[in-house]
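Let's take a friendly walk around a protein. Have the sequence and the 3D view ready as you read.

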Amino acid sequence: MAAKQPPPLMKKHSQTDLVSRLKTRKILGVGGEDDDGEVHRSKISQVLGNEIKFTVREPLGLRVWQFVSAVLFSGVAIMALAFPDQLFDAVFDGAEVNSKTPIRLYGGALLSISLIMWNALYTAEKVIIRWTLLTEACYFGVQFLVTTATLAENGHISPGALFLLASRLLFILVSIYYYYQVGRRTKKA
């Protein structure tokens, strides 16, 4: 008795079989829209996510503001460390400095904040940008309150002090504006 030969196996070319490809994609869960309305081309992009979601849409002028802030913080810090008498005189117009130590400590603190500002200039992470803007707004707010209280105690208001107060208010508003703009959710197209 002769052994019966099995029929030849037919190779299935799933790459060319459209129905098979669609079934495979449906089983994997790719190709269709997800809950966010995004279409994933592969399982890997579906699992890892789309990198476009994580990019920050920066408000116009944010990086310029961060650069200006870093330069201002650094400049005032260096001036407070190197020339404490002149810095105090510029703000309080002729008032006598009792000790240079507090002004130099202020300069050291400002230098530390300026290093944070310089590093935030080169990051794309939304949380870090927001925290530096909030730090900046808080600093300017505290400085505004302390300067106002000191001027009220002394009873002598110089044009330099008024300019400082006005600039601090402006800096608070700009920092808070950018803080909220960076934190806004972008609308889906």
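Here is a short tour of a few surface and side-chain features in this predicted model.

## Salt bridges

Let's begin with charged side chains. The structure contains two salt bridges. One of them pairs Glu58 with Arg63, whose closest N and O atoms lie 2.7 Å apart. Glu58 is partly exposed, with a relative accessible area of 38%, and Arg63 is also partly exposed, at 23%.

Asp85 and Lys100 also form a salt bridge, at 3.4 Å from N to O. Asp85 belongs to helix α4 (residues 84–92), while Lys100 sits in the loop between α4 and α5 (101–121), so this pair ties together parts that are 15 residues apart in sequence. Asp85 has 30% relative accessibility and Lys100 has 36%.

## A nonpolar patch

Now look at the surface. Val64, Phe67, Val68, Val71 and Leu72 make up a nonpolar patch there, and together they have about 400 Å² of accessible area.

Pick out Leu72, which is part of helix α3 (residues 62–82). Leu72 counts as partly exposed because its relative accessibility is 38%.

## A buried glutamine

Is Gln143 buried or exposed? Its relative accessible area is 13%, so Gln143 is buried; the cut-off for buried is under 20%.

Gln143 is located in helix α6 (residues 126–154). Setting aside neighbours within four places in sequence, Gln143 is in contact with Tyr106 and Arg168. The side chains of Gln143 and Arg168 are joined by a polar contact of 2.4 Å.

Note on methods
Residues are numbered from 1 along each chain as its sequence is written. This is a predicted model: local features need pLDDT of at least 70, side-chain atom pairs count only at pLDDT 80 or more; totals for chains, interfaces and linings use all residues. Side-chain values use heavy atoms; hydrogens and water are left out. Patches are made of residues with over 30% relative accessible area and no salt bridge: like charges are joined within 9 Å, nonpolar side chains (Val, Leu, Ile, Met, Phe, Trp, Tyr) within 5 Å. Accessible areas come from the Shrake-Rupley method with a 1.4 Å probe; for residues, only the protein chains shown count as cover. A salt bridge is a side-chain nitrogen of Lys or Arg within 4 Å of a carboxyl oxygen of Asp or Glu. Helices (H or I, at least four residues) and strands (E, at least two) are DSSP runs, numbered from the N terminus. Buried means under 20% relative accessible area, exposed over 50%, partly exposed in between (1.4 Å probe, protein chains only). A polar contact is a pair of N or O atoms within 3.5 Å; within protein, one must be able to donate a hydrogen and the other to accept it, and residues adjacent in sequence count only if both atoms are side-chain atoms. Contact means heavy atoms within 4.5 Å.
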